[in-house]
Amino acid sequence: MTPLSILSAAVLTPFGSDLELLLERLRAGPAPGDAPRRIPDADIDAAAGSAPSYRDRASSMLLGAARLSLAGFGIRPPVPDPERFGLVTGSHRGPLDSYALFHRKIQEAGPRLAPPLLFAHGYPNAPNTLASIALGIRGPNLSFSAGRVSGLSALMHGAIQIEQGRADRVLVAAFETVPAAWDNPAASASGASGFSEIAVAILLAPAGDGPRLLSVAESGGADAALALATAAAEAMLRSGAAGVGSILASLPSPPASAGAVRRFHLESFFGDAGGALGLLGVALAAASIRASRSGSILVASADAGGEAAAAVIG
């Protein structure tokens, strides 16, 4: 693929939104078992702006990360040239908070009195639709739900929109939510342990200055660096590592072997944020390269179903 510029990247996490501080956290070591798993409501509200009554938590998280990413490049919505601006998102679990609230309303009032809007907000593409309207985006609008590789799948298809001339700029985003009822010890004991919230947004454009997306592909990519990243992710899957998720790795030059790569298991640091972890890795990689102005970093995700995806940032 033709390299693309990562113009800006922004995140919302339970540990804050400062990518430099999150990089320090990554270097410091895994999170304690009692680490927070939900993003503070105040952080979401501050990033997303005033919320109309129909906007759910997942949509607010996605919109907040998207606004922060646009602001990082000096863009204030509505976006310029909206027909040439795209939004591509990925999520493993979709608007889980909306699912949970809808089922709770059914239990409380019965199916006939459950709010129908909550049902519509349970679709994985609902946050994408609401964010596009709020930001004024009229170009390509795509949503992917591909397990733990969802974020990197969205990145790949966002890059395709630019490569094939459908858009000049694309916001690539990923999100995962956690219902409030799950953020307690009882939920952990019932099997919801480790789920965490993250929203990420990255602004892509044709190659220029700063960090670049050099390559991205799902399982089977021919590029040597991608093959290395995919092999590392698939090795994690084969090893049966707990909650196989995404890895962030420094790429030697030239790459020697998977064993020569320093790996960070992102789930150990940020919890199980599903498909958002891969795109979080890309945002962290871009921040690291922007600070050091050198090197290449690869990010890989693997899903329990056997899928793997990887991206190289340089």
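User: Which residues does Gly 94 touch, not counting residues up to four places away in sequence?
Analyst: Gly 94 touches Tyr 99, Phe 175, Glu 176 and Thr 177. Contact here means heavy atoms within 4.5 Å. This is a predicted model, where local features need pLDDT of at least 70, side-chain atom pairs count only at pLDDT 80 or more, and totals for chains, interfaces and linings use all residues. Residues are numbered from 1 along each chain as its sequence is written, and side-chain values use heavy atoms, with hydrogens and water left out.

User: Is Gly 94 buried or exposed?
Analyst: Gly 94 is buried, because its relative accessible area is 1%. Buried means under 20% relative accessible area, exposed over 50%, and partly exposed in between (1.4 Å probe, protein chains only).

User: OK, Pro 80. Where does it lie?
Analyst: Pro 80 lies in the loop between helix H3 (57–72) and strand E2 (85–90). Helices (H or I, at least four residues) and strands (E, at least two) are DSSP runs, numbered from the N terminus.

User: And why does Pro 80 count as partly exposed?
Analyst: Because its relative accessibility is 41%.

User: Next topic: how many residues are in the largest nonpolar core?
Analyst: That core has 47 residues, and Phe 270 is one of those with the most contacts inside it. A nonpolar core is a set of buried Ala, Val, Leu, Ile, Met, Phe, Trp, Tyr and Cys residues joined through side-chain atoms within 4.5 Å.

User: Which helix gives the most to this core?
Analyst: Helix H11 (residues 276–292), with 11 residues. Another core, of 26 residues, lies apart from it and includes Ile 75 and Phe 175.
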